[in-house]
Structures are given as structure tokens and as C-alpha cells.
Amino acid sequence: MVKSTDTADSAALSKRRNPRSQRAHDAALLAASELLEEGGLTVATVDAISERSGVSKATLYKHWPNRTAIAAEAFGQQMAEAIPLPDTGTAVGDFTEQVRLVSLFYASHAGTIFAQLLADGVFNPESGAFFREFFLSGRRAAIRELWERALARGEVKANIDVETATDILFGPLIFRLMSGHAPLNDEEAANIAFAALNGLMR
């Protein structure tokens with residue numbers, strides 16, 4: 001099993017923190033994760049995270065600028081643990097499986113949390129920046145790892161930007177989650193992956 005890049009980066013950062021600071025950081029993330037599961041972003045306030053974790057608000061603000069940043073990092077950690085990077089031996093297999101797993105994740109209660117974080121960023125540009133820094137960057141780095149693996153095997157076109165490829169593969173899942181116009185299930189995930197990887201033109 002391949003460790004995702006965001007999980008690896010988190011582990012590297014942990015080594016640079018002193019043990020006390022790391023314990024506070026981990027306790028806060030655990031509390032935020034539990035609160036997100038229980039009631040979504042609305043209940044994952046700084047006060048609630050502080051009370052649940054036993055970490056003072058002053059310490060929380062040393063690690064994160066606001067509650068959106070804490071929630072985004074906690075949610076990113078949840079997603080990284082729930083969706084390890086596949087290693088099927090082929091790019092088609094890896095990307096198809098990753099799209100399927102992300103679709104399954106968004107179809108669960110986690111999809112509601114993701115939508116709340118995304119919406120919060122739309123109404124609050126500062127929150128949007130924290131969402132991209134503490135959640136989205138890690139997830140996109142994980143997909144970049146799959147893309148670079150495929151490039152090394154000569155399975156994908158070198159002139160296609162990885163950011164564009166990521167948007168084409170996973171953007172439809174987010175659109176379906178937010179609009180509700182089509183389901184998020186294994187069959188639809190396979191259709192999306194097939195269309196993205198094989199193109200639309202004859």
C-alpha cells in the first residue's frame with residue numbers, strides 16, 4: 001500500500017514539533033474530526049474543539065489561524081486515511097480506483113462536510129484560502145503522485161498538466177455532489193474515469 005503524499009508530509013511535520021506541541025496538535029485534530037462527524041462544520045467551533053480536546057484556544061491559534069483551518073486539516077486527514085493511494089500496476093487501474101474511492105467517500109456523510117467546507121470558502125475568501133492550504137493542497141499532491149508514477153511508466157501524455165488532469169478526473173464528482181443532478185456510485189465513477197482517461201471524441 002502506498003502512503004499518500006499529504007499523510008507523508010504530515011508525518012514529516014510531526015517530527016519537527018516538540019512532543020507537547022504534537023500532542024496538542026493531534027488532540028485538536030481528533031476533537032475536530034469527532035465534532036465534524038457529529039454535527040458538521042457548524043459545531044466544530046474553536047470553543048468546542050478546545051473543550052473537547054483540552055487544548056487552550058491560545059494554543060489552537062498557535063497552530064491554526066481559525067476553526068476552518070482546523071476543520072480542513074482534520075477532514076483532510078480523515079480522507080487520506082479513508083482513501084489510500086491505489087497501486088494496481090497501471091495508470092488506468094490506479095485512476096479508476098481512485099475516482100471510485102473518492103466517489104464513495106463523497107457519497108457518505110463526509111460529502112456533507114466537504115460541501116460545508118467548500119461553501120464556507122465561497123462566502124468567506126479567507127476560509128477558502130485556508131481550505132486550499134490545509135485540505136485541498138494535500139489531496140492534489142496525492143493525485144500528483146499517481147500522475148508522476150504514470151508518467152514514469154510512459155502511460156500518460158507528458159504535455160498534459162497534472163492540475164488539468166486532476167480537475168478533469170475529480171471535478172465531476174464535486175459537481176455531482178454539490179448539484180445532486182446525478183448519483184455518486186461505482187458505476188457512475190467508472191463512467192467518469194473512462195470518459196476522462198479515454199476522451200470524448202471518436
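Predicted model: local features only at pLDDT ≥ 70, side-chain atom pairs only at ≥ 80, totals over all residues.
User: Which residue does the Arg 52 side chain meet in a salt bridge?

Analyst: Look for a side-chain nitrogen of Lys or Arg within 4 Å of a carboxyl oxygen of Asp or Glu. Here the partner is Glu 38, at 2.9 Å from N to O. Glu 38 sits in helix H2 (residues 19-39) and Arg 52 in helix H3 (residues 46-53), so this bridge ties together parts 14 residues apart in sequence. Glu 38 counts as exposed because its relative accessibility is 56%.

User: Which residue does Asp 47 pair with in a salt bridge?

Analyst: Asp 47 meets Lys 57, again through side chains, with 2.9 Å from N to O. This pair links distant parts of the chain: Asp 47 belongs to helix H3, and Lys 57 to helix H4 (residues 57-63), ten residues apart. Asp 47 is partly exposed at 47% relative accessibility. Lys 57 is partly exposed too, at 40%.

User: How many salt bridges does the structure hold?

Analyst: The count is 13. One of them joins Arg 153 and Glu 155, whose closest N and O atoms are 2.5 Å apart. Salt bridges that share partners form a network: Asp 87, Asp 94, Arg 149, Arg 153 and Glu 155 are joined this way. Read the accessibility as before. Arg 153 is partly exposed at 35%, and Glu 155 is partly exposed at 36%.

User: Now a helix. What span does H5 reach, and what is expected?

Analyst: The expected span is 1.5 Å times one less than the number of residues. Helix H5 covers residues 67-82, which is 16 residues. From first C-alpha to last, H5 reaches 22 Å, close to the expected 22 Å.

User: Is H5 mostly covered or mostly uncovered?

Analyst: Start with the geometry. An α-helix has 3.6 residues a turn, so residues three or four places apart point the same way. Then count the residues under the 20% cut-off for buried. H5 is mostly covered, with twelve of its 16 residues buried. Among them are Ile 70, Phe 75 and Met 79. The buried set also includes Glu 73 and Gln 78.

User: Which residue caps the N-terminal end of H5?

Analyst: Look for a side-chain atom close to a backbone nitrogen of the helix. Asn 66 is the cap. One of its side-chain oxygens lies 3.2 Å from the backbone nitrogen of Thr 68. Thr 68 is itself among the buried residues of H5.

Technical notes
Residues numbered from 1 in each chain as written. Heavy atoms only, no water. Helix = DSSP H or I, 4+ residues; strand = E, 2+ residues; numbered from the N terminus. Buried < 20%, exposed > 50% of the residue type's maximum accessible area, 1.4 Å probe, protein only. Polar contact = N/O pair within 3.5 Å; in protein donor to acceptor, adjacent residues only side chain to side chain.
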